[in-house]
Amino acid sequence: MRPGGRAGSGPARDHVRYVGSGSSSSIAMRAETRRAGPGNFPPRRERGVRGGERPAGGAEKRAVSAARSTSRHRTGSRASAAKALAILVTSLALILGGLAAAAPAPSRALGQAQGFNPAGSLPEVAKRINQLIYPTLGYPAIRERGSDLVIEWDWRKSVAGSPRPELSQVDDPADWEVWLTTSVAANVQNYSSAEPGTAEDPPASWYRYEGPSYGTYTNPVHRVVNKRRLAVKEVSRGPSKRWPEVFGQAGFEVDHITVEIPLSVPLDLYDLHVRCVAPDADPAFRVEDAQPHAVQVIEEFGEDIRIVQITDTHVYGPEIRNGLNLDYNSFELREPRPGTPGRIDLSFVGYPGFPMDLDKDGKANEGAIYLQEELQAINLIDPDFVVFTGDSVFAQKNFSTYPKDTWLWGDVNGELGSEYRFEYTWWYDELLALNVPVFCVPGNHDSYCWDGHALARDDGQEIWQDLFGPLYYSWEYGDAAFLALNSMDWDKADADGPDPFNPEGVNPIVWGIATGLYPEMAKDYDDRNGFLVDLTNIFLPIKVIFPHKWHGQLRGGGDPWAWQPWPWGHDPGGDGFTGQLAWVEAELARAEAEGKELKGAFIHHDPLRPAGSPPEAYDNANQFGLLPMPAGQGEGSQALLCLLRKHEVDFVASGHTHNDAINRVNWAPYGDSTGQLVSINTCGAEPPVDGKSLLLDKTSEDYAGFRLITASGGELTGWGFPGASGDPDDKWSIPGWSGLQVGAGAVNDYTKYRANRPVLQWMEQDGSANPAYPRPPIVNGEGTFNKALPLDGTGPHSDVTCKVKNTLNQPGAVLSLLGCRIEFPMKRLSGGKYYGVQNGSIMEQYDTDSGLRMVTVKADIPGGATVPVRVYVAGTDKVKPVVDEALIDGGAVVTTDLEVSLSLRAHDDGAGLMDFRVSNSRDFAGAEWMPCRDGKAINMPWSLAQGAPGKRRVFVQFRDAAMPGNVVTVRLDITYAP
């Protein structure tokens, strides 16, 4: 938002595909990665009507602001009396001293695609994206079982002209090995036990991708890892289809590796591993790369879609402070990132050092606790996917890195690096706690470029490309199409902070006043994450590096700022766009031509707020109502809205302002149908309250949370929580904690974050020995498994209960959550016993590589209810399943083609149907078990055995979920007569 303030068996010998149904996510674990080089649905809504618009934006020349003080950079944010006074004094100082430069009139600049810097800003060892550039954590792939996935592989790692093998050396499918391993939500990463160290005193190698857990959940539900090999079908070379930044750029051809998702793979979230084993290639090219949380495997795309939007996490931002209002780390809700070296703990005077066990639970350096608890609730909700809409980090404190002067973080081409490396990789590790795929969109804090500073050089957008993927891109989910947009589409000079301030010619009295208020103006930032007591800064602990531009812009020949007042004029599409706007136009036209029923866009800056006026998130800012700031007047917002309306996009979701808002604009007159574009702005995930300071008892109408967006049958059906006000527009986000009041006029103080639990409670959380941070103790197992976690670490168990509590029950506002997902790694039974579920239904069962029986459960949790979900031994079953249908080509007796279709269906009244397999031989050699459901029709292509004309036989087996499973075998006959 505002500145300042992610045992495999080989492929079956027989060719198999089938169509099933369902959706998925997972709790999973990252296997060791070897790298080359370093609510139910709200009521359906009518579609609306179509309107017009036009934005505005030429980029201004940067104006240097000497007042680097800022707390919460959003228009209209409130500040304490002390800060307002400070701003007044500083404003006076600026006027007297002539420190602020006037900005020239806006100029219209031709838009260009965001350049893809081939060098990047991260050291080689710290990059997460190397050869495997799609799919990634941040830009994952969601695929049905039996479908194809096209992987993009960049030999040159974005450096044009660097060596790569000839395509003829690596184009044989046998030249590649590709496999999936289950992703673990607990973010337990593998590292060599031969490397001594602890979280408080880590060796340097632990800061690598294969390092230890950086926070999240110390007690995951399970650590079960399954491995599935993917068959490589084809390898080709050509332009990237996933990275718009490299479209058309010479030298950026990538390899496209087409693989098939096995029918046998469980519904889950997976890490993707790719290895080149080509014997004809130079050994230097026989490398391996991987991406965590990169592939979500589902049964089929359904008509109902559930999306969680989370935004503005600011893992090291200054909004949360302690009781003395001194701690940029935060008090109870954020501890230092795990793995940071120890320092003297000064928290007893309200000025903490490292390590800090702020909640006194015996575990120091736990990281962004507030984010971890929100992700915990999101995992249980189990949306189809999550979209993060920007401001992952804060990255404006000062320069030099932390941990400081390490071989990994401290040096880039001889220059000190900025805080980006510390915060970005911290946030990356926190995201690994998600069980579901997450698409990431950059925000303003993610996008600054510190090129112009004398002490450090780092480019946030380059680091984004090194960690998550392209700055803007598209993806599909069945009949829906989505865009991720980059609204920080500024030149580097605009995204940069001011040049080092030079006080020459400044009135020394004025300069003394300014530096007395803001000592950071007068010193080199040698330790941006240190907390050294500074009495001149005790009441105003503002350590902020000020950027030039932090409001929105989309380049590409769109409207300049204030190009035309509302209502905005004619359709500018005929003018011809370039850059990102041209890409948006082409992607929306393609989606429309393909008949996509639902279209949505995700962006950091809201392009439609306030409705009826040019959007304020693209205008300049007026800090505290006192200090004009040249933050924006960016181009392209109205052109974007025109394109969204012309192509009848259903919604655009944004963040940035840390509060909730819903606005609408008709598709007409640009679109051809009656309908509306709904603009959805979502509150920040970082708690906005400051806490009780020495000056004021600070409270806030805002709150921290996330949003659930729902669609059904190609129509947007809901986007919010009615809140205590019973808002008919359902504009409110879901609060991240129980006890928070949501609605017009609702006010929360910081103690509600301290004293309560996540809004959706299901995992074990320790009680606290610190009365100042009383996380409620666990009572009668509420909110936790009745077995110690991880279940596969303390078990296996044959009877497990998880109580799930949904606190979304406020006066006039109840939100029931349907289809919450929990995975139970259970003990393998014998004698025909099988598992059943109380207060839920079994989505899928399968046997893991480690010999456990995984039982995946779906449960509905009404608002205000606590539901005990139990998996237990339900009985004994020694009866075979019943085959209801088994036909070749619909029951044909003769075929002229060896390629046929199978129609299969079975049920089991005891343990329930679990899986099936098909083969052309009676011994089922090479055939894999594939999941199936009771009574669910299976329609799949099949290849009959090769050979002379004559009789052909196909063998089919169905197995139930008893242990061992009861198996029924059927034989199907047909005559091949070409």
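This is a predicted model: local features need pLDDT of at least 70, side-chain atom pairs count only at pLDDT 80 or more; totals for chains, interfaces and linings use all residues.
View 1. Glu587 counts as buried because its relative accessibility of 14% is under 20%.

**View 2. Arg707 pairs with Asp660 in a salt bridge.** Here the closest N and O atoms are 3.1 Å apart. Arg707 sits in strand 21 (residues 705-712), while Asp660 is in the loop between strand 17 (651-654) and strand 18 (661-666), so the pair ties together parts that are 47 residues apart in sequence. Both Arg707 and Asp660 are buried.

**View 3. Arg971 meets Asp973 in a salt bridge.** Their closest N and O atoms lie 3.1 Å apart. Arg971 is partly exposed, with a relative accessible area of 42%, and Asp973 is partly exposed too, at 33%.

**View 4. Salt bridges with shared partners form a network.** Welcome back to Glu587 and Arg590, which are joined here with Glu476, Glu594 and Lys596. Across the whole structure, the search finds 29 salt bridges.

**View 5. Val869 belongs to the largest nonpolar core.** This core has 108 residues, and Ile310, Trp427, Leu644 and Phe824 join Val869 as those with the most contacts inside it. Beyond its sequence neighbours within four places, Val869 is in contact with residues including Val800, Ile822, Phe824 and Ala859. A second, separate core has 55 residues, among them Leu149, Ile298, Val387 and Ala484.

Notes: Residues are numbered from 1 along each chain as its sequence is written. Side-chain values use heavy atoms; hydrogens and water are left out. A nonpolar core is a set of buried Ala, Val, Leu, Ile, Met, Phe, Trp, Tyr and Cys residues joined through side-chain atoms within 4.5 Å. Buried means under 20% relative accessible area, exposed over 50%, partly exposed in between (1.4 Å probe, protein chains only). Contact means heavy atoms within 4.5 Å. A salt bridge is a side-chain nitrogen of Lys or Arg within 4 Å of a carboxyl oxygen of Asp or Glu. Helices (H or I, at least four residues) and strands (E, at least two) are DSSP runs, numbered from the N terminus.
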